[in-house]
Amino acid sequence: MRKALFLAACTLTLGACAAGPDYRPPAPLPEVETGAFVSSAPGTVAAEPQDQWWRLYDDPVLDKLIVQALAANTDLRVAAANLRRAQAVLRETGAGRLPSTDLSGSVAYGDASSVAPTGTGGSQWAYSGGMAISWEVDLFGRIGRTIEAARADRDAVAAARDRVAVTVAAETARAYGDACALAEASAVARQSVDIAQRSLDIVTAQERVGTAARFDVERAGAALANARAALPQVEGARQVALFELAALLGLPPARVPAEAQQCTRVPMPATAIPVGDGQGLLVRRPDVREAERRLAADTARIGIATADLYPRITLGGSGNFFRNDQVKGSDSFSFSVGPLLSWSFPNIAVARARIAQAEAGTQASLATFDGAVLNALKEVEQALSRVSAENSRRDALAEAVRRADTAYGLADRRYRAGAMSFLDLLDAQRTLVEARAALATSDRTLASARIDLFKALGGGWQSMPPAADE
């Protein structure tokens with residue numbers, strides 16, 4: 001129904017001064033709710049999100065890294081170059097409203113017969129020059145619609161650059177958070193190694209005095225080896241995160257920032273995360289704005305194609321000068337002034353086919369816009385759900401660590417007193433190690449889920465410096 005109304009509006013405006021439909025920004029689908037979000041998560045509030053969301057962490061290192069990434073990231077440099085190109089295209093298109101000029105001139109020396117049609121022989125100099133001016137009368141808005149399309153294209157490219165900025169800021173924070181979380185996980189893994197080492201030392205000493213079997217020593221040694229095996233994987237993942245961070249900052253792997261390498265705690269927001277509502281989200285998200293601007297450009301292209309149904313009128317004038325020994329005075333100058341009319345009528349099949357192509361392209365852009373709206377709302381709801389679920393999981397794992405730590409302490413004392421078997425002690429040790437590892441993993445997952453939420457909310461691009469001519 002919306003598509004039919006859109007095409008009807010296109011048809012009704014064909015008789016206007018500018019051919020094709022006048023663009024009106026589309027409203028979201030009637031089924032789309034743009035009020036409060038359906039999902040919620042602990043640590044969030046309904047206030048409007050701030051532009052520099054990373055400042056909620058109150059982490060000067062993170063602030064510095066994101067500023068550096070927004071200034072030096074290679075993807076952003078590509079996006080900025082694309083924007084400058086779109087601005088240059090717009091300037092070129094705008095020149096279509098101005099007259100075009102063509103100047104020429106030459107000097108020749110040779111036989112009179114070669115430089116003049118009726119020469120008397122001998123050699124002589126010949127001079128010629130010409131100037132032509134033409135200006136298209138934009139009666140049916142072809143040039144205006146072309147400029148309108150170029151301007152919308154420029155705005156869409158600017159929104160695409162902002163979309164890249166959102167991604168760069170979020171992924172920089174994620175890489176930094178992963179490096180910090182994995183450093184914390186590495187510390188947890190080392191604590192597990194220490195626990196396993198103490199157990200092995202105890203059972204080895206008992207085996208020497210005959211109160212423990214060799215079997216118990218081997219089981220303790222296997223537990224220690226398993227604890228040590230977790231370390232390389234965590235350290236390797238941490239290096240991967242640091243190298244990812246360096247690439248986002250536009251740096252080679254050898255120049256990973258020292259501040260990021262020294263981080264050992266998972267970044268946590270210092271205040272509640274403002275999420276706003278659906279209406280604010282659609283205004284803020286660069287991908288929604290990009291889709292809307294693509295729709296505006298394609299709507300203007302309907303007018304460009306429609307203008308080909310009508311005559312194209314160009315006003316022009318030209319003057320030419322030629323002189324040599326035989327051609328002098330008024331005979332050496334000629335000029336012409338007059339309009340030029342060009343029209344493909346009655347063969348307008350090509351023009352109508354192009355109109356149909358432009359209308360189909362506009363329908364596709366309208367569907368893309370609707371999809372961008374739905375995707376933006378979906379991503380926020382998904383991110384809120386993940387934050388809520390992981391937060392609950394993290395609370396349960398924290399309790400599990402507390403209880404496992406208490407249980408291991410009791411088991412260790414009872415084993416030393418001879419009131420518990422070594423197998424039970426190993427089981428308590430394994431439970432504690434697994435609980436601590438699961439909690440460290442959950443901390444990293446929760447931190448990443450928060451970054452997904454910030455990314456879905458679409459802020460951060462406002463910190464980008466304006467491009468030239470923007």
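Colleague: Is F321 buried, partly exposed or exposed, and why?

Modeller: F321 counts as partly exposed, because its relative accessibility is 36%. Keep in mind that this is a predicted model.

Colleague: Which strand does F321 lie in?

Modeller: F321 is in β5, the strand that covers residues 312-323.

Colleague: Which elements give two or more residues to the nonpolar patch?

Modeller: Those are β2 (100-111), β3 (123-137) and β6 (333-342).

Colleague: And which gives the most?

Modeller: That's β6, with 3 residues in the nonpolar patch.

Colleague: OK, switching to cysteines. How many disulfides does a search of the whole structure find?

Modeller: The search turns up 1 disulfide. The partners are C180 and C263, and their sulfur atoms sit 1.9 Å apart.

Colleague: Where in the chain are C180 and C263?

Modeller: In distant parts of the chain, 83 residues apart. C180 belongs to helix α5 (residues 142-209), while C263 is in the loop between α7 (258-262) and β4 (273-274).

Colleague: Is the link of C180 and C263 right-handed or left-handed?

Modeller: Right-handed, with 120° about the S-S bond.

Colleague: Is C180 buried or exposed?

Modeller: C180 counts as buried, because its relative accessibility is 0%.

Colleague: What about C263, buried or exposed?

Modeller: C263 is buried too, with a relative accessible area of 10%. The cut-off for buried is under 20%, so that 10% puts C263 in the buried class.

Colleague: New topic: what is the phi of D58?

Modeller: Phi of D58 is near 50°, which is a positive value in a residue other than glycine.

Colleague: Where does D58 lie?

Modeller: In the loop that runs between β1 (44-45) and α2 (60-72).

Colleague: Is D58 buried or exposed, and why?

Modeller: D58 counts as exposed, because its relative accessibility is 60%.

Colleague: Last one, helix α9. How many residues does α9 have, and what distance does the helix reach from its first C-alpha to its last?

Modeller: Helix α9 (residues 286-307) has 22 residues and reaches 32 Å between those two C-alpha atoms. That is close to the 32 Å expected at 1.5 Å a residue.

Colleague: How many of the 22 residues in α9 are buried?

Modeller: In α9, 18 of the 22 are buried, which leaves the helix mostly covered.

Notes
Residues numbered from 1 in each chain as written. Predicted model: local features only at pLDDT ≥ 70, side-chain atom pairs only at ≥ 80, totals over all residues. Heavy atoms only, no water. Helix = DSSP H or I, 4+ residues; strand = E, 2+ residues; numbered from the N terminus. Buried < 20%, exposed > 50% of the residue type's maximum accessible area, 1.4 Å probe, protein only. Disulfide = S-S within 2.5 Å. Expected span 1.5 Å × (residues − 1).
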